[in-house]
Each structure stands twice: as C-alpha cells, then as structure tokens.
Amino acid sequence: MFPRDFAWGAGTAAYQIEGGWQADGKGPSIWDTFCHEKGRVFGEQNGDEACSSYELWEKDLECIQQLGLTHYRLSLSWARLLPDGTTRHVNQKGVQYYNKVIDDLLACSVSPMVTLYHFDLPQALQDQGGWKSAATATLFDSYAKFCFQTFGDRVKLWITINEPYVCAKLGHEDGIHAPGLKEPGTAAYLVGHNMLRAHAMAWHSYNSRYRTQQEGAVSLAINSDWLEPLHAGRTEDIDATERLLAFTLGWFAWPVFVTGDYPEVMRSAIDAQSEKLGCGSRLPSFSKDEPAVLGTADFFALNYYTSRKVKPGAGCGEMLCMKSDRDAGEVLDPSWPVCGVSWLAVVPHGLRKLLKYIKDTFNNPAVYVTESGFSQVGPLQLHDVQRAEFHKDTILEVAKALQDDKVNVRGYFTWSLLDNFEWADGFSVRFGLFHVDFTDAKRSRTVYQSGREYAKIISKYKCGQSR
Ligand code: GBH
C-alpha cells in the first residue's frame with residue numbers, strides 16, 4: 001500500500017519542547033517574552049523548561065527509536081543559534097546541540113526534516129519591527145544560509161517557515177500568539193507578505209548555492225482545513241468556501257505554486273472592502289525586482305488537522321478586520337466528533353479530499369503530510385484509544401489518496417512525538433504519542449497506547465510491499 005521509501009515520522013518544535021530558554025548563550029525569542037507577560041497563556045505557563053529536550057535529547061531519541069520512525073521533524077531555535085538574530089554572533093553551543101541531534105538521528109538511520117522557523121522569532125528582531133519589517137525577511141535569508149551551510153551536509157529535507165498563516169493571523173490579527181499584536185485587517189497581510197519573501201529568498205539561496213552539492217529539498221509548511229460549502233447547491237456557500245480557501249491555503253500556496261501572486265479572489269475581496277471603508281488596499285504586491293516567489297517549493301508540506309463547512313460570515317461592522325474581508329463563517333458538521341480542543345473536529349476523510357485537491361490544483365506535487373494530530377485535555381488517559389483510532393483512520397485515508405487518487409504522498413508525520421507546550425493553551429492540551437510528566441523534574445516520558453499502535457503500523461509498512 002505504501003511505497004518503500006515512504007516517510008514515517010513524528011514532529012516537534014523547538015519552543016514547545018526544548019526548554020533551556022537561557023541556557024548556554026541562547027537569546028530570547030518572542031515566545032519567551034510573550035509567555036512572561038501576564039494573561040497571555042493558560043495558567044501563566046511558559047516554555048522555560050517545557051520537555052527539557054535541550055538537556056534530555058537522548059530521551060527523545062529513545063522515544064523515536066521505540067516508535068521505529070524513519071523520519072523525525074524538528075525545528076531549530078533561531079535565537080539559540082544566533083542570539084540577536086544576525087550572523088554577527090554565532091552561539092557555538094547551539095550549533096553543537098543541533099549537530100548532536102542530527103548526528104544521533106542519522107546514526108540510528110532516522111532522517112531529519114528540519115524546520116527553520118516554528119513561531120519563535122528572536123526578540124532582538126521583534127524590537128526592530130519583527131515580521132512587519134521587510135528587513136526581517138533578509139535576515140531570515142542569512143539565517144537560512146547559515147543553517148544550510150552548517151547542517152545541510154546531513155539534512156536533506158528543509159521547511160523554511162511553519163504555518164505562515166498562523167504567525168500572521170494569530171500573532172498579528174488576533175493577538176493570541178506571540179508577538180501578541182492586535183492590528184486587525186492590516187498587519188497580518190504585511191507579515192504574510194514578508195514571510196513569503198523570506199521563504200522565497202531562502203529557497204533561491206539553497207537553489208543557487210547549496211542544491212548541487214547537498215541535493216536536498218526545500219519547502220514551507222502550509223496549514224489547511226478541508227473546506228466544503230454548508231449547502232452543496234447554494235451559490236452563496238460555494239462562493240464563501242472559495243473565499244475562505246483563498247484566504248487560508250490559497251494565501252500562501254497560490255504565490256508559491258500557481259501564479260506568483262495572491263489569489264484573485266483574495267485581492268478583490270480586500271480591495272472591495274478597502275474601498276468601502278475608504279482606505280487603501282492592505283494586501284501588498286510582489287515586486288519584480290525581487291526573487292520570484294513562484295516555483296519556490298520542491299514539495300508540498302501540508303499540516304492537516306480538521307475540516308469545516310462554510311457559509312457567508314458575519315464581519316466586524318465598520319471596523320477593519322480580516323473577518324470582514326473574507327466574509328465566511330465556519331460551521332462544524334454535527335456528525336464530526338470534537339475531541340480535546342474545541343477547534344479540532346475529527347474528520348480523517350477530509351485529508352483525502354484535501355490531498356486530491358492539492359494534486360489537481362498545484363500540478364501533482366510530491367506531498368508530505370508534515371503534521372496530523374489529535375489532542376487530549378482533562379484527566380490523563382494513557383490508554384488513548386481515540387487518538388490511536390484517529391491516526392489509523394487518517395493513515396487509511398492517505399493510503400486511499402495514494403492508491404485510488406494517485407496523489408504523490410511521500411510521508412506522514414504525526415503531531416507530536418511528545419506532549420509539549422501547546423502555545424496559548426500551555427500544557428493543558430496534550431498532542432503527544434508519549435506522555436511527558438511536567439510535574440517530574442526528570443520530565444519522564446511514557447508511551448501512550450497511540451504510540452504503540454503507530455509503532456505497529458510503521459513496522460507493518462516500513463519495509464512493506466513497494467507499489
Ligand atoms: C499546529 O498548527 C502547529 O504547527 C503546532 O505547533 C501545534 O502544536 C499544533 O498545531 C496543535 O495545535 O484557537 O480557535 O483560533 C495547526 C493549525 C491553526 C490549529 C490555528 C489551531 C487555531 C484555532 N492551527 N488554529 S483558534
């Protein structure tokens with residue numbers, strides 16, 4: 001059912017697991033700052049220690065081996081490597097840490113997939129305007145080149161930026177992620193734009209300087225729900241679905257995979273709203289003098305969690321906001337169970353549909369499902385039957401996408417290897433295949449039933465029949 005070289009992975013992100021927020025010369029990131037402010041995160045929690053993976057990497061490696069993963073997706077902390085965000089000063093201790101992680105993985109025949117940016121901008125760069133500033137994109141490119149140069153002899157799968165949508169919207173429109181800005185209807189578009197520029201520059205750097213020697217692949221990870229009109233035959237719902245898709249998946253996938261520019265539907269909706277409110281358009285344009293953004297992905301990296309039904313939405317009155325621009329309301333189908341966090345309706349078959357859509361819309365790219373996960377809240381249940389079922393069902397949908405729809409799926413990464421710091425929800429939401437005891441100084445890791453089941457699936461297919 002699965003190709004021989006299919007990637008069976010699990011993922012984590014630096015701020016969510018490492019801890020060691022001030023260890024060995026690491027600079028602060030926007031998540032350090034954000035969590036240390038009152039009222040930002042559930043229970044005033046923070047990632048100061050998290051899973052202590054900076055100290056306990058060997059324990060993570062044991063988990064990885066216990067699952068039999070072929071791939072492990074981790075992110076690098078920019079501020080651990082470059083404390084002030086620039087290559088003026090390199091923190092060698094940080095370099096040593098990631099060198100050890102990468103070398104240990106390879107020694108165990110596990111291939112690393114490395115994300116350069118998973119929400120944790122160096123605070124020093126935020127102080128100079130953060131992602132709203134065009135200069136941050138250039139500094140990201142320097143950081144990316146530094147990482148390709150330092151680790152690219154061993155890392156063959158790169159993700160530049162994880163979920164630019166989440167950084168832009170949750171960080172700058174809603175203010176519920178770092179840097180906690182609430183500038184509705186303006187900042188998110190600017191941030192998204194600079195992130196696309198940053199990604200494109202880094203891809204071009206890899207392409208022109210490192211690809212020939214290192215022979216790796218570079219992309220960005222795009223999160224998307226599967227969206228369907230609330231009423232299949234109703235024009236308003238169909239239009240609203242098209243708009244919401246353009247403002248989420250399309251926002252980043254269209255420039256990179258289709259036209260080099262934002263979806264027409266997105267631009268015209270923003271322009272129309274701008275005119276109504278008597279302000280200029282807020283969606284930036286790509287300059288012809290800069291490296292093209294079109295064609296800057298060697299594969300499609302998809303983070304999939306859930307699905308939505310869509311109808312025209314309520315805006316925010318006369319105010320400027322993305323909600324009014326996109327004019328789409330999201331509804332859950334009553335047949336979809338909601339488990340754990342309120343946004344996560346369990347819809348494995350949505351992934352198959354989304355994969356088919358990606359194949360048809362983006363010219364049949366190689367696709368990695370770089371995140372797929374299921375959360376647990378409330379009392380700890382190590383016997384997490386629902387999560388085990390979720391991964392089994394979702395992997396079955398991937399198999400159907402491969403076999404019946406001929407989607408070129410190359411891998412599946414569960415989110416997450418470990419229970420970890422779940423951003424604004426702190427430690428109250430658990431996504432791991434291993435439980436981490438955050439009350440224990442040793443941060444002991446215990447496998448969930450879902451971890452055992454995932455290991456069985458992997459061992460069944462890892463060296464299984466080739467197609
Ligand atoms: C992923 O994003 C992240 O990459 C990962 O770090 C994280 O741990 C994982 O999700 C689990 O959350 O709060 O109602 O505004 C997934 C995409 C998009 C899902 C934003 C949650 C927020 C809904 N996320 N969405 S709400």
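Glu-18 counts as buried in this predicted model, at 4% relative accessibility, where buried means under 20% relative accessible area, exposed over 50% and partly exposed in between (1.4 Å probe, protein chains only). Local features in the predicted model need pLDDT of at least 70 and side-chain atom pairs count only at pLDDT 80 or more, while totals for chains, interfaces and linings use all residues. Residues are numbered from 1 along each chain as its sequence is written, and side-chain values use heavy atoms, with hydrogens and water left out.

The side chain of Glu-18 meets that of Arg-80 in a salt bridge (2.8 Å, N to O). A salt bridge here is a side-chain nitrogen of Lys or Arg within 4 Å of a carboxyl oxygen of Asp or Glu. Glu-18 sits in the loop between helix H1 (14-17) and helix H2 (30-35), and Arg-80 in helix H4 (residues 78-81), so the pair ties together parts that are 62 residues apart in sequence. Helices (H or I, at least four residues) and strands (E, at least two) are DSSP runs, numbered from the N terminus. Arg-80 is buried too, with a relative accessible area of 1%.

Searching the whole structure turns up 31 salt bridges. Another one joins Glu-183 to Lys-132, with the closest N and O atoms 2.8 Å apart. Glu-183 belongs to the loop between helix H8 (164-172) and helix H9 (187-214) and Lys-132 to the loop between helix H6 (123-126) and helix H7 (134-151), so this pair ties together parts that are 51 residues apart in sequence. Glu-183 is partly exposed at 27% relative accessible area, and Lys-132 is partly exposed at 31%. Arg-211 and Asp-298 form a salt bridge as well, their closest N and O atoms being 2.9 Å apart. Here Arg-211 lies in helix H9 and Asp-298 in the loop between helix H12 (264-277) and strand S7 (300-303), so parts 87 residues apart in sequence are tied together. Asp-298 is partly exposed, at 28% relative accessibility. There is also a salt-bridge network that links Glu-228, Lys-309, Asp-333 and Lys-353.

Next comes the barrel. It is closed by 8 strands in the order S1-S2-S3-S4-S5-S7-S10-S12, with parallel pairing; two strands pair if DSSP finds at least two bridges between them. From one strand to the next, the twist averages 25°. Strand S5 (residues 217-223) pairs with S7 in the parallel sense over 3 bridges, and Ile-222 has Leu-302 as its bridge partner in S7. S7 in turn pairs with S10 in the parallel sense over 4 bridges, with Glu-371 in S10 as the bridge partner of Asn-303. Strand S10 (residues 367-371) then pairs in the parallel sense with strand S12 (residues 409-415) over 3 bridges. S7 is covered on both faces: Phe-300 and Leu-302 on one side and Ala-301 and Asn-303 on the other are all buried.

Helix H7 lies across strand S3 (111-117) and strand S4 (157-162) and runs at about 160° to S3. Such angles run from 0 to 180 degrees between N-to-C directions, the axes being lines fitted to C-alpha atoms, for helices over the stretch in contact. Asp-141 lies in H7 and is buried, with a relative accessible area of 9%. Leaving aside neighbours within four places in sequence, Asp-141 is in contact (heavy atoms within 4.5 Å) with Met-201, Ala-202 and Ser-205.

As for packing, the largest nonpolar core has 131 residues, of which Trp-31 and Phe-140 touch the most other members. A nonpolar core is a set of buried Ala, Val, Leu, Ile, Met, Phe, Trp, Tyr and Cys residues joined through side-chain atoms within 4.5 Å. Trp-31 also belongs to one aromatic cluster with Tyr-15, Phe-34, Phe-119, Phe-421, Trp-423, Phe-427 and Phe-438.

Aromatic pairs come to 47, counting rings of Phe, Tyr and Trp (its six-membered ring) with centres within 6.5 Å; planes under 30 degrees apart are stacked, over 60 edge-to-face and the rest tilted. Trp-8 and Tyr-461 form a stacked pair, 6.3 Å centre to centre with 20° between the planes. This pair links distant parts of the chain, with Trp-8 in strand S1 (residues 7-11) and Tyr-461 in helix H16 (residues 449-461), 453 residues apart. Trp-8 is buried at 1% relative accessibility, and Tyr-461 is buried at 13%.
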